[in-house]
Amino acid sequence: MRMKKITAFVLSISLLLGNTTTLIASELHEDTQFDGAITDVDIQVEKIPEDDLFEYESDILAEDNVFEIEDVEIDFDNLSENEDANQSRGDKIDAEITIAPRAAGIDVYASSLKLASGQSTSLKALTNYKFTVALGNNGSTSASNVILRVTHNGASIGDINLGTIPANSSGTVNFEYAGLKHGSNTLGATLDPNKVLADTNRNNNSTSASFTTTGTIDLQATSLTAQSGRTTTQSVNFDFSVTNIGTRNAPASTMRITIGGQPNNLSLPAINVGYRVSGSFSVTFNVSGTHTVLMNIDPQNLISESNKTNNSRSVNVTIAQNTDLWAGKWPNATNLTVYITSGAQDLFTKSVLSSYTVWNGRNSKVNFGSPTYSTNDNSSLDKIDVFVTALSGDTLATCQVENSGGALTDHFNDSQPYIKARIYLDSRTDTNSRLSNRDAELQRKTIRHEFGHAIGLAHPTCLDPALMHQGTSNSYNRTTIAAHDEHNMNAKYK
Ligand SMILES: [Zn+2]
Ligand SMILES: [Zn+2]
(Lines give C-alpha, C1' and ligand atoms only; values in the text may rest on other atoms or scores of the structure.)
(Ligands and ions follow the chains in the order given, each with its own letter.)
Protein backbone atom coordinates (compact mmCIF):
# COMPACT_ATOMS: atom_id res chain seq x y z
CA MET A 1 0.00 0.00 0.00
CA ARG A 2 1.26 3.50 -0.64
CA MET A 3 0.11 7.01 -0.13
CA LYS A 4 -2.31 8.33 -2.65
CA LYS A 5 -0.49 10.04 -5.42
CA ILE A 6 -1.55 13.53 -6.27
CA THR A 7 -3.74 13.13 -9.25
CA ALA A 8 -3.24 15.44 -12.18
CA PHE A 9 -5.76 18.20 -12.39
CA VAL A 10 -6.55 20.95 -14.78
CA LEU A 11 -7.13 24.56 -14.06
CA SER A 12 -8.82 26.49 -16.77
CA ILE A 13 -8.48 30.20 -16.63
CA SER A 14 -9.51 32.65 -19.26
CA LEU A 15 -7.92 36.02 -19.19
CA LEU A 16 -9.11 38.47 -21.74
CA LEU A 17 -7.20 41.68 -21.50
CA GLY A 18 -8.54 43.32 -24.59
CA ASN A 19 -9.98 42.60 -27.97
CA THR A 20 -8.02 39.86 -29.64
CA THR A 21 -9.21 38.48 -32.91
CA THR A 22 -12.31 40.34 -33.89
CA LEU A 23 -11.03 43.87 -34.07
CA ILE A 24 -12.16 45.81 -37.04
CA ALA A 25 -10.33 48.91 -37.94
CA SER A 26 -13.21 51.23 -37.32
CA GLU A 27 -13.25 50.18 -33.69
CA LEU A 28 -9.59 50.82 -33.07
CA HIS A 29 -8.48 53.51 -30.73
CA GLU A 30 -5.10 54.33 -29.34
CA ASP A 31 -5.99 52.84 -26.01
CA THR A 32 -6.69 49.41 -27.47
CA GLN A 33 -3.23 49.07 -28.89
CA PHE A 34 -1.36 46.22 -27.26
CA ASP A 35 1.16 43.58 -28.16
CA GLY A 36 -0.92 40.62 -27.14
CA ALA A 37 -3.50 39.33 -24.73
CA ILE A 38 -3.42 36.03 -22.88
CA THR A 39 -6.28 33.62 -23.38
CA ASP A 40 -7.00 29.90 -22.98
CA VAL A 41 -4.87 29.22 -19.96
CA ASP A 42 -4.52 25.56 -19.05
CA ILE A 43 -2.39 24.38 -16.13
CA GLN A 44 -1.69 20.81 -15.07
CA VAL A 45 0.32 19.23 -12.30
CA GLU A 46 2.26 16.08 -12.94
CA LYS A 47 4.82 14.00 -11.21
CA ILE A 48 8.21 14.32 -12.80
CA PRO A 49 8.88 11.30 -15.00
CA GLU A 50 11.69 9.08 -13.86
CA ASP A 51 13.89 9.89 -16.82
CA ASP A 52 13.43 13.61 -16.54
CA LEU A 53 15.12 14.41 -13.32
CA PHE A 54 16.53 17.88 -13.62
CA GLU A 55 18.64 18.31 -10.53
CA TYR A 56 17.09 15.50 -8.54
CA GLU A 57 18.66 12.41 -7.19
CA SER A 58 17.11 9.49 -8.91
CA ASP A 59 16.12 7.63 -5.79
CA ILE A 60 13.84 10.44 -4.71
CA LEU A 61 11.79 10.19 -7.82
CA ALA A 62 11.83 6.52 -8.67
CA GLU A 63 8.31 5.76 -9.67
CA ASP A 64 7.29 3.25 -7.08
CA ASN A 65 9.47 3.65 -4.04
CA VAL A 66 8.64 7.07 -2.83
CA PHE A 67 5.78 6.21 -0.55
CA GLU A 68 6.47 2.60 0.24
CA ILE A 69 8.53 0.94 2.83
CA GLU A 70 11.15 -1.29 1.31
CA ASP A 71 14.40 -3.19 1.89
CA VAL A 72 13.06 -4.90 4.96
CA GLU A 73 15.50 -6.83 7.11
CA ILE A 74 14.29 -9.05 9.93
CA ASP A 75 16.51 -10.41 12.68
CA PHE A 76 15.40 -12.26 15.80
CA ASP A 77 17.56 -13.55 18.62
CA ASN A 78 16.06 -16.37 20.54
CA LEU A 79 16.38 -15.63 24.19
CA SER A 80 16.56 -19.20 25.33
CA GLU A 81 19.59 -18.50 27.51
CA ASN A 82 17.71 -15.76 29.25
CA GLU A 83 14.80 -18.06 29.51
CA ASP A 84 17.00 -20.53 31.29
CA ALA A 85 18.29 -17.78 33.54
CA ASN A 86 14.79 -16.68 34.34
CA GLN A 87 13.81 -20.18 35.07
CA SER A 88 16.72 -20.73 37.31
CA ARG A 89 16.00 -17.43 39.02
CA GLY A 90 12.40 -18.38 39.22
CA ASP A 91 13.45 -21.51 40.94
CA LYS A 92 14.91 -19.39 43.71
CA ILE A 93 11.98 -17.09 44.11
CA ASP A 94 11.14 -16.12 47.61
CA ALA A 95 8.68 -13.86 49.29
CA GLU A 96 10.76 -10.71 48.90
CA ILE A 97 11.62 -10.93 45.27
CA THR A 98 8.92 -10.86 42.67
CA ILE A 99 9.81 -11.64 39.12
CA ALA A 100 7.00 -11.53 36.65
CA PRO A 101 6.60 -14.91 35.18
CA ARG A 102 7.03 -15.23 31.50
CA ALA A 103 3.63 -14.97 29.86
CA ALA A 104 2.02 -18.18 28.96
CA GLY A 105 1.04 -18.24 25.28
CA ILE A 106 1.99 -15.45 22.84
CA ASP A 107 2.96 -11.92 23.80
CA VAL A 108 4.47 -10.05 20.86
CA TYR A 109 5.63 -6.53 21.58
CA ALA A 110 7.12 -3.56 19.72
CA SER A 111 9.36 -1.45 21.91
CA SER A 112 10.79 1.31 19.70
CA LEU A 113 10.90 2.81 16.21
CA LYS A 114 13.85 4.99 15.33
CA LEU A 115 16.26 5.91 12.59
CA ALA A 116 18.72 3.14 11.94
CA SER A 117 22.22 3.85 13.16
CA GLY A 118 24.33 5.86 10.75
CA GLN A 119 21.38 7.80 9.28
CA SER A 120 21.63 11.55 9.18
CA THR A 121 19.53 13.22 11.81
CA SER A 122 19.10 16.32 9.63
CA LEU A 123 16.10 14.96 7.78
CA LYS A 124 14.86 16.11 4.38
CA ALA A 125 11.39 15.57 3.01
CA LEU A 126 10.92 12.78 0.45
CA THR A 127 14.37 11.40 1.04
CA ASN A 128 15.11 7.76 1.63
CA TYR A 129 15.95 6.76 5.21
CA LYS A 130 16.38 3.48 7.01
CA PHE A 131 14.37 2.89 10.19
CA THR A 132 14.60 0.22 12.86
CA VAL A 133 11.78 -1.29 14.90
CA ALA A 134 12.75 -3.24 18.04
CA LEU A 135 10.29 -5.99 18.83
CA GLY A 136 9.99 -9.48 20.18
CA ASN A 137 7.87 -12.12 21.80
CA ASN A 138 7.72 -12.28 25.61
CA GLY A 139 5.50 -15.29 25.52
CA SER A 140 6.24 -18.95 25.95
CA THR A 141 4.65 -19.77 22.61
CA SER A 142 6.07 -18.83 19.24
CA ALA A 143 3.95 -16.56 17.04
CA SER A 144 3.70 -17.42 13.37
CA ASN A 145 2.74 -15.34 10.32
CA VAL A 146 3.16 -12.17 12.34
CA ILE A 147 2.33 -8.96 10.48
CA LEU A 148 3.99 -5.66 11.31
CA ARG A 149 2.04 -2.67 9.99
CA VAL A 150 3.95 0.58 9.44
CA THR A 151 1.99 3.81 9.48
CA HIS A 152 2.80 7.39 8.54
CA ASN A 153 0.70 10.01 10.32
CA GLY A 154 -1.83 7.31 11.11
CA ALA A 155 -2.20 5.91 7.60
CA SER A 156 -0.78 2.53 6.72
CA ILE A 157 2.18 2.62 4.37
CA GLY A 158 2.80 -1.09 4.32
CA ASP A 159 2.53 -4.45 6.06
CA ILE A 160 5.64 -6.55 6.64
CA ASN A 161 5.23 -10.28 7.09
CA LEU A 162 7.70 -11.18 9.81
CA GLY A 163 7.08 -14.90 9.63
CA THR A 164 7.56 -16.59 12.98
CA ILE A 165 8.70 -14.80 16.11
CA PRO A 166 10.02 -17.51 18.38
CA ALA A 167 8.98 -17.73 22.02
CA ASN A 168 10.93 -15.45 24.32
CA SER A 169 12.87 -13.77 21.57
CA SER A 170 13.68 -10.22 20.57
CA GLY A 171 14.96 -8.66 17.40
CA THR A 172 14.83 -5.84 14.94
CA VAL A 173 13.09 -5.07 11.69
CA ASN A 174 14.74 -2.53 9.42
CA PHE A 175 12.94 -0.86 6.54
CA GLU A 176 13.51 2.06 4.22
CA TYR A 177 11.03 4.80 3.57
CA ALA A 178 11.29 7.94 1.44
CA GLY A 179 7.90 9.47 2.14
CA LEU A 180 8.56 11.89 5.00
CA LYS A 181 6.85 15.21 4.42
CA HIS A 182 8.09 18.61 5.32
CA GLY A 183 7.67 19.27 9.02
CA SER A 184 6.63 16.85 11.69
CA ASN A 185 5.86 13.22 10.82
CA THR A 186 4.77 10.35 13.04
CA LEU A 187 5.81 6.87 12.02
CA GLY A 188 4.20 3.98 13.84
CA ALA A 189 4.68 0.20 13.94
CA THR A 190 1.98 -2.20 15.12
CA LEU A 191 2.31 -5.94 15.48
CA ASP A 192 -0.66 -8.12 14.55
CA PRO A 193 -2.84 -5.16 13.51
CA ASN A 194 -5.63 -7.47 12.43
CA LYS A 195 -5.64 -9.26 15.79
CA VAL A 196 -5.35 -12.76 14.44
CA LEU A 197 -2.86 -13.95 17.06
CA ALA A 198 -3.93 -15.23 20.47
CA ASP A 199 -1.88 -12.43 21.98
CA THR A 200 -2.04 -12.31 25.76
CA ASN A 201 -1.20 -8.61 25.92
CA ARG A 202 -2.11 -6.21 23.17
CA ASN A 203 -1.08 -3.09 25.09
CA ASN A 204 2.55 -3.49 24.05
CA ASN A 205 2.02 -4.18 20.35
CA SER A 206 2.57 -0.65 19.06
CA THR A 207 5.33 1.92 19.10
CA SER A 208 5.71 5.21 17.36
CA ALA A 209 8.12 8.11 17.01
CA SER A 210 8.17 11.60 15.55
CA PHE A 211 10.53 12.68 12.78
CA THR A 212 10.87 16.31 11.77
CA THR A 213 12.24 17.29 8.39
CA THR A 214 13.71 20.59 7.38
CA GLY A 215 14.13 21.88 3.83
CA THR A 216 13.61 24.72 1.43
CA ILE A 217 11.43 25.43 -1.56
CA ASP A 218 13.03 26.02 -4.93
CA LEU A 219 10.59 26.76 -7.73
CA GLN A 220 12.27 26.64 -11.11
CA ALA A 221 10.97 28.14 -14.36
CA THR A 222 11.72 24.94 -16.23
CA SER A 223 10.51 25.60 -19.75
CA LEU A 224 8.71 28.12 -21.93
CA THR A 225 8.18 27.44 -25.62
CA ALA A 226 6.16 29.20 -28.29
CA GLN A 227 4.27 27.89 -31.29
CA SER A 228 5.99 29.04 -34.47
CA GLY A 229 4.76 30.04 -37.90
CA ARG A 230 1.89 32.25 -36.75
CA THR A 231 0.76 35.60 -38.09
CA THR A 232 -0.89 38.62 -36.57
CA THR A 233 -4.54 37.88 -35.76
CA GLN A 234 -3.71 34.19 -35.14
CA SER A 235 -3.37 32.93 -31.58
CA VAL A 236 0.04 31.61 -30.56
CA ASN A 237 0.17 28.73 -28.09
CA PHE A 238 2.79 28.78 -25.33
CA ASP A 239 3.72 25.77 -23.20
CA PHE A 240 5.42 26.22 -19.87
CA SER A 241 6.50 24.16 -16.91
CA VAL A 242 7.48 24.98 -13.36
CA THR A 243 9.23 22.47 -11.08
CA ASN A 244 9.78 22.39 -7.36
CA ILE A 245 13.41 21.26 -7.21
CA GLY A 246 13.65 22.01 -3.52
CA THR A 247 13.16 19.77 -0.51
CA ARG A 248 9.99 21.37 0.79
CA ASN A 249 6.50 21.53 -0.70
CA ALA A 250 5.60 24.89 -2.22
CA PRO A 251 2.24 26.58 -1.67
CA ALA A 252 0.14 28.04 -4.47
CA SER A 253 1.95 30.85 -6.22
CA THR A 254 1.71 33.36 -9.01
CA MET A 255 3.31 33.17 -12.42
CA ARG A 256 3.66 36.49 -14.18
CA ILE A 257 3.70 36.49 -17.97
CA THR A 258 4.98 39.77 -19.34
CA ILE A 259 4.37 40.65 -22.97
CA GLY A 260 5.55 43.96 -24.32
CA GLY A 261 5.95 45.28 -20.80
CA GLN A 262 2.40 44.34 -19.87
CA PRO A 263 2.15 41.92 -16.93
CA ASN A 264 -0.47 39.18 -16.72
CA ASN A 265 -0.66 37.18 -13.51
CA LEU A 266 -1.66 33.51 -13.66
CA SER A 267 -2.30 31.34 -10.61
CA LEU A 268 -0.16 28.28 -10.07
CA PRO A 269 -1.31 25.52 -7.71
CA ALA A 270 0.74 24.17 -4.82
CA ILE A 271 3.73 22.19 -6.09
CA ASN A 272 5.03 19.41 -3.91
CA VAL A 273 8.64 18.37 -3.86
CA GLY A 274 9.34 16.32 -6.94
CA TYR A 275 6.39 17.68 -8.87
CA ARG A 276 6.11 19.86 -11.89
CA VAL A 277 3.31 22.09 -13.08
CA SER A 278 2.93 22.29 -16.81
CA GLY A 279 0.44 24.28 -18.77
CA SER A 280 -0.28 26.43 -21.73
CA PHE A 281 -1.71 29.77 -22.61
CA SER A 282 -2.29 31.55 -25.87
CA VAL A 283 -1.60 35.03 -27.00
CA THR A 284 -2.80 36.87 -30.05
CA PHE A 285 -0.24 39.38 -31.25
CA ASN A 286 -1.54 42.21 -33.34
CA VAL A 287 1.79 43.53 -34.53
CA SER A 288 4.22 41.51 -36.65
CA GLY A 289 7.88 41.09 -35.77
CA THR A 290 9.72 39.51 -32.83
CA HIS A 291 8.12 39.65 -29.40
CA THR A 292 9.69 38.61 -26.12
CA VAL A 293 7.47 36.75 -23.67
CA LEU A 294 8.79 36.50 -20.11
CA MET A 295 7.68 34.16 -17.35
CA ASN A 296 8.49 34.92 -13.74
CA ILE A 297 7.48 32.69 -10.83
CA ASP A 298 6.50 34.43 -7.59
CA PRO A 299 7.30 37.93 -8.89
CA GLN A 300 6.20 39.50 -5.62
CA ASN A 301 8.66 37.34 -3.68
CA LEU A 302 6.00 35.95 -1.38
CA ILE A 303 7.61 32.50 -1.12
CA SER A 304 10.90 31.97 0.66
CA GLU A 305 13.12 29.98 -1.69
CA SER A 306 16.66 28.71 -1.63
CA ASN A 307 17.23 30.12 -5.13
CA LYS A 308 15.38 33.00 -6.75
CA THR A 309 17.65 33.24 -9.77
CA ASN A 310 15.99 30.30 -11.56
CA ASN A 311 12.46 31.74 -11.40
CA SER A 312 12.47 33.48 -14.78
CA ARG A 313 12.63 32.40 -18.36
CA SER A 314 11.83 34.09 -21.66
CA VAL A 315 11.15 33.10 -25.24
CA ASN A 316 11.18 35.12 -28.43
CA VAL A 317 8.40 34.54 -30.92
CA THR A 318 8.43 35.91 -34.44
CA ILE A 319 5.04 36.83 -35.84
CA ALA A 320 4.57 37.18 -39.60
CA GLN A 321 2.32 39.74 -41.23
CA ASN A 322 -1.20 38.61 -42.00
CA THR A 323 -2.97 39.61 -45.20
CA ASP A 324 -5.89 42.01 -45.19
CA LEU A 325 -7.55 41.54 -48.56
CA TRP A 326 -10.87 41.51 -50.31
CA ALA A 327 -11.46 38.41 -52.41
CA GLY A 328 -11.34 39.81 -55.97
CA LYS A 329 -8.59 41.34 -58.07
CA TRP A 330 -7.95 43.01 -61.39
CA PRO A 331 -7.00 40.48 -64.07
CA ASN A 332 -4.84 43.14 -65.72
CA ALA A 333 -3.56 45.37 -62.95
CA THR A 334 -0.58 46.61 -64.98
CA ASN A 335 -2.76 48.90 -67.04
CA LEU A 336 -5.38 50.59 -64.89
CA THR A 337 -6.70 53.86 -66.27
CA VAL A 338 -7.97 56.66 -64.07
CA TYR A 339 -10.66 59.15 -64.98
CA ILE A 340 -11.24 62.22 -62.82
CA THR A 341 -14.74 63.56 -63.30
CA SER A 342 -15.45 67.27 -63.41
CA GLY A 343 -16.90 67.49 -59.89
CA ALA A 344 -13.61 66.19 -58.44
CA GLN A 345 -11.62 68.51 -60.66
CA ASP A 346 -13.61 71.44 -59.24
CA LEU A 347 -12.92 70.62 -55.57
CA PHE A 348 -9.42 69.12 -55.50
CA THR A 349 -6.04 70.14 -56.79
CA LYS A 350 -4.29 68.01 -59.40
CA SER A 351 -1.51 67.43 -56.86
CA VAL A 352 -4.02 65.79 -54.52
CA LEU A 353 -5.89 63.92 -57.25
CA SER A 354 -2.75 62.37 -58.70
CA SER A 355 -1.31 61.28 -55.34
CA TYR A 356 -2.62 57.71 -55.91
CA THR A 357 0.46 57.04 -58.08
CA VAL A 358 2.38 56.09 -54.89
CA TRP A 359 0.98 52.59 -55.53
CA ASN A 360 2.98 52.29 -58.77
CA GLY A 361 6.39 50.62 -58.91
CA ARG A 362 6.24 48.73 -55.62
CA ASN A 363 7.25 45.28 -56.79
CA SER A 364 3.76 44.33 -57.76
CA LYS A 365 2.00 44.32 -61.11
CA VAL A 366 -0.17 47.22 -60.04
CA ASN A 367 0.23 50.29 -62.22
CA PHE A 368 -2.22 53.18 -62.41
CA GLY A 369 -1.91 55.46 -65.40
CA SER A 370 -1.76 59.24 -65.20
CA PRO A 371 -5.17 60.80 -64.57
CA THR A 372 -7.46 61.61 -67.49
CA TYR A 373 -9.51 64.68 -66.66
CA SER A 374 -12.91 63.88 -68.05
CA THR A 375 -16.37 65.35 -67.96
CA ASN A 376 -18.30 62.14 -67.55
CA ASP A 377 -18.14 58.47 -66.72
CA ASN A 378 -16.31 56.30 -69.18
CA SER A 379 -17.48 52.72 -69.60
CA SER A 380 -14.17 51.14 -70.60
CA LEU A 381 -12.68 48.23 -68.65
CA ASP A 382 -9.75 48.32 -66.22
CA LYS A 383 -10.78 51.80 -65.22
CA ILE A 384 -11.12 53.70 -61.97
CA ASP A 385 -13.45 56.70 -62.00
CA VAL A 386 -13.07 59.35 -59.33
CA PHE A 387 -16.31 61.15 -58.53
CA VAL A 388 -17.48 63.44 -55.79
CA THR A 389 -20.58 62.96 -53.73
CA ALA A 390 -21.95 64.41 -50.51
CA LEU A 391 -20.90 62.20 -47.61
CA SER A 392 -21.57 62.63 -43.91
CA GLY A 393 -20.09 62.07 -40.50
CA ASP A 394 -16.46 60.93 -40.40
CA THR A 395 -16.65 59.45 -43.91
CA LEU A 396 -14.27 61.27 -46.21
CA ALA A 397 -14.51 58.97 -49.23
CA THR A 398 -15.81 55.60 -50.36
CA CYS A 399 -14.79 53.05 -52.96
CA GLN A 400 -16.94 50.60 -54.89
CA VAL A 401 -15.44 47.76 -56.91
CA GLU A 402 -17.44 46.15 -59.71
CA ASN A 403 -17.38 42.94 -61.66
CA SER A 404 -19.36 41.93 -64.71
CA GLY A 405 -22.47 41.77 -62.55
CA GLY A 406 -22.11 45.35 -61.33
CA ALA A 407 -21.09 46.72 -57.93
CA LEU A 408 -19.94 44.01 -55.51
CA THR A 409 -22.15 43.65 -52.49
CA ASP A 410 -19.74 41.27 -50.77
CA HIS A 411 -16.28 42.40 -51.70
CA PHE A 412 -14.80 40.37 -48.81
CA ASN A 413 -15.89 37.08 -50.35
CA ASP A 414 -16.84 37.67 -53.99
CA SER A 415 -13.73 36.62 -55.92
CA GLN A 416 -14.98 37.44 -59.41
CA PRO A 417 -12.45 39.62 -61.25
CA TYR A 418 -12.83 43.39 -61.01
CA ILE A 419 -13.56 45.28 -64.21
CA LYS A 420 -14.19 48.71 -62.78
CA ALA A 421 -14.00 50.79 -59.59
CA ARG A 422 -15.61 54.04 -58.52
CA ILE A 423 -14.18 56.32 -55.87
CA TYR A 424 -16.41 58.99 -54.31
CA LEU A 425 -14.76 61.92 -52.56
CA ASP A 426 -16.75 63.96 -50.04
CA SER A 427 -18.42 67.10 -51.34
CA ARG A 428 -20.80 67.85 -48.47
CA THR A 429 -22.26 71.31 -48.28
CA ASP A 430 -20.78 71.98 -44.85
CA THR A 431 -17.63 73.58 -46.15
CA ASN A 432 -15.90 73.39 -42.75
CA SER A 433 -15.85 69.60 -42.71
CA ARG A 434 -15.84 69.00 -46.46
CA LEU A 435 -12.76 66.97 -47.48
CA SER A 436 -11.62 69.53 -50.01
CA ASN A 437 -11.28 72.08 -47.19
CA ARG A 438 -9.30 69.78 -44.90
CA ASP A 439 -5.55 69.48 -44.55
CA ALA A 440 -3.92 68.68 -47.93
CA GLU A 441 -2.04 65.69 -46.48
CA LEU A 442 -5.34 64.25 -45.28
CA GLN A 443 -6.74 64.71 -48.79
CA ARG A 444 -3.75 62.85 -50.28
CA LYS A 445 -4.00 60.11 -47.67
CA THR A 446 -7.68 59.72 -48.50
CA ILE A 447 -7.03 59.40 -52.24
CA ARG A 448 -4.20 56.89 -51.66
CA HIS A 449 -6.34 54.89 -49.23
CA GLU A 450 -9.31 54.66 -51.62
CA PHE A 451 -7.06 53.53 -54.46
CA GLY A 452 -5.85 50.78 -52.11
CA HIS A 453 -9.46 49.64 -51.85
CA ALA A 454 -9.76 49.93 -55.63
CA ILE A 455 -7.14 47.17 -56.01
CA GLY A 456 -8.87 45.01 -53.40
CA LEU A 457 -7.09 45.82 -50.14
CA ALA A 458 -9.14 45.62 -46.95
CA HIS A 459 -8.81 47.54 -43.70
CA PRO A 460 -6.16 45.73 -41.66
CA THR A 461 -7.34 43.77 -38.64
CA CYS A 462 -3.80 43.74 -37.30
CA LEU A 463 -2.08 46.73 -35.74
CA ASP A 464 0.86 46.87 -38.10
CA PRO A 465 1.32 50.44 -39.37
CA ALA A 466 -0.58 50.89 -42.64
CA LEU A 467 -2.19 53.41 -44.93
CA MET A 468 -5.17 51.08 -45.19
CA HIS A 469 -6.24 51.41 -41.56
CA GLN A 470 -9.52 53.16 -41.24
CA GLY A 471 -9.47 56.47 -39.45
CA THR A 472 -6.76 59.05 -39.11
CA SER A 473 -5.69 59.39 -35.50
CA ASN A 474 -4.24 56.03 -34.53
CA SER A 475 -0.52 55.60 -34.05
CA TYR A 476 -0.52 52.74 -36.55
CA ASN A 477 -2.25 54.80 -39.23
CA ARG A 478 -0.03 56.03 -42.03
CA THR A 479 -0.64 58.75 -44.61
CA THR A 480 1.16 56.87 -47.35
CA ILE A 481 2.02 53.29 -48.24
CA ALA A 482 3.68 51.36 -45.41
CA ALA A 483 5.47 48.01 -45.49
CA HIS A 484 2.30 46.21 -44.50
CA ASP A 485 0.29 47.80 -47.35
CA GLU A 486 2.98 46.69 -49.77
CA HIS A 487 2.90 43.21 -48.24
CA ASN A 488 -0.86 43.04 -48.78
CA MET A 489 -0.68 44.35 -52.35
CA ASN A 490 2.07 41.87 -53.23
CA ALA A 491 0.11 39.02 -51.70
CA LYS A 492 -2.47 39.64 -54.44
CA TYR A 493 -0.50 41.03 -57.39
CA LYS A 494 3.13 39.94 -57.05
ZN1 LIG B 1 -2.64 43.20 -41.37
ZN1 LIG C 1 -11.12 52.40 -46.11
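Trainee: What covers the buried residues of α6 in this model?

Mentor: Keep in mind that we're looking at a predicted model. Part of the cover comes from α5 (440-454).

Trainee: And which residues of α6 are buried?

Mentor: In α6, residues 483-493, those are H484, D485, N488, M489 and K492. To be called buried, a residue needs 20 or more other C-beta atoms within 10 Å of its own.

Trainee: What makes you put them on the same side of α6?

Mentor: Around the axis they span an arc of only 140 degrees, so they sit on the same side of the helix.

Trainee: Let's turn to α5. How do you know that α5 is mostly covered?

Mentor: Count the buried ones: twelve of its 15 residues. They include Q443, I447, F451 and A454. As for what they pack against, that's α4, β20, β21, β22, β24 and α6.

Trainee: How does the reach of α5 compare with what is expected at 1.5 Å a residue?

Mentor: From first C-alpha to last, α5 reaches 21 Å, close to the expected 21 Å. Just past α5, G456 has a positive phi of about 100 degrees.

Trainee: How does α5 lie relative to the strands?

Mentor: α5 goes across β20, β21 (383-389), β22 and β24 (420-426), at about 20 degrees to β22. Those strands belong to an open sheet of six, ordered β20-β19-β21-β24-β22-β23 with mixed pairing.

Trainee: Why are β20 and β23 called edge strands?

Mentor: Each of them, β20 (368-373) and β23 (406-407), pairs on one side only.

Trainee: How do you know that β22 and β23 count as paired?

Mentor: The cut-off is at least two bridges, and these two strands have two, in the antiparallel sense. Across from E402 you'll find A407 of β23.

Trainee: What about the largest nonpolar core?

Mentor: That one has 39 residues, and V386, I423, L425 and I455 have the most contacts inside it. Elements giving two or more residues to this core are β19 (336-340), α4 (350-353), β21, β22, β24 and α5. Another core, of 29 residues, lies apart from it, with I165, F175, A178 and L191 among its members.

Trainee: Which residues does I423 touch?

Mentor: Leaving out residues up to four places away in sequence, I423 touches I384, V386, F387, A397, C399, E450 and A454.

Terms used. Residues numbered from 1 in each chain as written. Chains lettered and ligands numbered in written order. Predicted model: local features only at pLDDT ≥ 70, side-chain atom pairs only at ≥ 80, totals over all residues. Helix = DSSP H or I, 4+ residues; strand = E, 2+ residues; numbered from the N terminus. Arc of directions from axis to C-beta. Contact = placed C-beta atoms within 7 Å. Axes fitted to C-alpha atoms, helices over the stretch in contact; angles between N-to-C directions. Core = buried A, V, L, I, M, F, W, Y, C linked by C-beta atoms within 7 Å. Expected span 1.5 Å × (residues − 1).
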